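This report describes a single protein chain for a reader who is new to structural analysis. Please keep the sequence and the three-dimensional view at hand while reading.

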Amino acid sequence: MIKSLLQSRIPDNAPISGIDVLRPELTVGSPNRLVFGPFFLFLLLIFVKRRYFSPISDIPGPFSASFGHWWQWRRTLKGGTEKETIALHQKHGNFVRISHKEVSIGHPDAIKALLVAPLPKGSWYQVFNLPDKRYVNQMGELDPTRHIHKARNVAPGYAFSNVIKSEPYVDEAIRTLEDQLGKLSQDNKEVDFSQWFNWYGFDILGEVTFSKSFGFLKEGRDVGDSVANTAILAVYICIIGHVYWLHSWLLANPLIDKFNLRPSLHILDTCFAALDARKKSGEARKDMVEQWKETRAKHPDRMEEKEILAGCLVNIGAGADTISSALQAFFYHAIRTPGVYNQLRKEVDEAQARGELSAVVSHAEAQNLPYLQATIKEALRFHTPIGFGFPRVAPAGGITILDRHFPEGVTLSVNPWVIHRNKELFGDDADVFNPDRWMDAERAKEMNKYMIPFGAGYNQCPGRHLAHMELSKLTATLVRDFDIVQVNPKQEWKFETHFTAVPYGWPCKVRRRNRGT
Ligand code: HEM
């Protein structure tokens, strides 16, 4: 069939059999040469210009990075962006060229210069506008002024005073998780925390955002392969973000909507169903969507209806993987680092014996457990959930960092892993998991200036209050109630960093304790 189609276009005198049909000859003046010759020359000129005549040509980095996004794509597909960026900075210093137009900056001054200053975001972020560019959310908004307006509209939903109202629903999720772990403990079955913590993150997001859990914890399974699908989507986002125009031909293709081809994903279906149900009944508790609706009712000129859906979708995209990564980092390192789990246990058991802890530890109670808080902080530093540089764009007039001027349009990024493993900032043992570094208040105050697990400045994670509540409550409750051991204590976990660094592959066994013993 293919052969007959090809033959119908081939001139009479052309070879017509076997492989020759599929390899038309490149004769002088043949159409192929006329088309491909200039095309390859054009490509060559682009490569030479990018490599040798760009304003960042003198900045060292991997050879492939100077031609395009090859290095970033390869790292995304293979994983290890964070480790390789650290290694590149150790080799080349503060500035490393990681693409034809992007420089990674390893010096802490970049936090203020790039993140705190309201610079435009790199075009890569547009891919976060889900399901497509009609629904621009705060994460996908590149322009700082418009971003600040959008963020102001949704801020009341993320405020601690609002999030804390959802604490009973977080309690419910923790009770369900403990019941499920109890059953696994009784049956002597393995526990895959990469799944359970992801489900915990998703179920709470559903409750807090639009008052509907996704039901993962209750069912104890990946309903509709949602988590597996989001892992694939994470790779897609990292790759396509660099060639955003392709997105309109792929997942954001209008034909997908027109012919209703968008795959039905349990996570999206649940979100749409919850919003629909609310429209019909009008009843709702004070969740994020309700806060956003109130803002829209007060300021219809300032906030569009579609920003509400956009807010729900960006939460789902941003707030589950990250939580799973942080919780896994806490438990994996706490059980593997001599003394840490015992120290946590001692602190929690003593608080329990003094009658200071509820059945599910409350957010307020967990704040009075300093070693637990230090271990959470260390988990966020040592295995930061986001392992990708945060890209910003040099504004009109350019920007000068550490005496180096970057002209307008150059993308500059700062990778939190590079900052968090800096020995000058966090001590000679920065490459070691050590919660004790946070126990000295003076030292902690100094190190806090360089902690950017939630980013910094006007793009800082608005979900950090919720995240902190989820982490504090679950870690305190589980440390008190369960013994956790790896099935094979010598087995290291695995993770491939796309945007997030979400580990897997460290199966555990758990045993429920009698409280306070
Ligand atoms: C440990 C958990 C979390 C970590 C480490 C984390 C980290 C981050 C970071 C670093 C950014 C900024 C990225 C940048 O500058 O490009 C961010 C943005 C964001 N996060 Fe989180 N996050 C976490 C949990 C959450 C949760 C639970 C939610 C939802 C309630 C959430 C919602 C968002 C949103 C909406 C943005 C976009 C903010 C903007 O661009 O203005 N995150 N997060």
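Of the 18 residues of helix H24, 15 are buried, so the helix is largely enclosed by the rest of the structure. Here a residue is buried if 20 or more other C-beta atoms lie within 10 Å of its own, exposed if 12 or fewer, and partly exposed in between, with C-beta atoms placed from the backbone. Helices (H or I, at least four residues) and strands (E, at least two) are DSSP runs, numbered from the N terminus.

The model is predicted: local features need pLDDT of at least 70, side-chain atom pairs count only at pLDDT 80 or more, and totals for chains, interfaces and linings use all residues. Residue numbers start from 1 along each chain as its sequence is written.

**Helices H24 and H16**

The end C-alpha atoms of H24 are 26 Å apart, which agrees with the 26 Å that its 18 residues should span at 1.5 Å a residue. The expected span of a helix is 1.5 Å times one less than its number of residues. H16 has 13 residues and reaches 18 Å from its first C-alpha to its last, close to the expected 18 Å. Because 11 of its 13 residues are buried, H16 is also largely enclosed by the rest of the structure. Among the buried residues of H16 are Glu307, Cys312, Asn315 and Ala318. The cover over the buried residues of H16 includes helix H6 (144-158), H9, helix H14 (266-281), helix H15 (288-298) and H17.

**The ligand shell**

Which residues are closest to the ligand? They are Gly319, Thr322, Gly455, Cys461 and Gly463, within a shell of 22 residues; a residue counts as near if its C-beta atom, placed from the backbone, lies within 6 Å of the molecule. Helix H16 (306-318), helix H17 (321-336) and helix H24 (464-481) each give two or more residues to this shell. By class, the shell has 15 nonpolar, seven polar and no charged residues. Ala, Val, Leu, Ile, Met, Phe, Trp, Tyr, Cys and Pro count as nonpolar, Asp, Glu, Lys and Arg as charged, and the others, Gly among them, as polar.

**Nonpolar cores**

In soluble globular proteins, nonpolar side chains tend to be buried together. A nonpolar core is a set of buried Ala, Val, Leu, Ile, Met, Phe, Trp, Tyr and Cys residues joined through C-beta atoms within 7 Å. The largest such core has 80 residues, of which Tyr200, Ala326, Leu327 and Phe330 touch the most other members. Helix H9 (residues 193-210) gives the most to this core, with 10 residues. A second, separate core of 28 residues includes Ile56, Val103, Leu119 and Val414.

**Exposed loop residues**

| Residue | Loop between | Other C-beta atoms within 10 Å |
|---|---|---|
| Asp428 | helix H22 (423-426) and helix H23 (441-448) | 8 |
| Asn188 | helix H8 (167-186) and H9 | 9 |
| Asp403 | strand E4 (399-401) and strand E5 (404-406) | 5 |

Although it is not a glycine, Asn188 has a positive phi of about 55 degrees. Asp403, likewise not a glycine, has a positive phi of about 70 degrees. The C-alpha atoms of Asp428 and Asp225 are separated by 43 Å, and the two residues are 203 residues apart along the chain.

Definitions and conventions
Contact = placed C-beta atoms within 7 Å.
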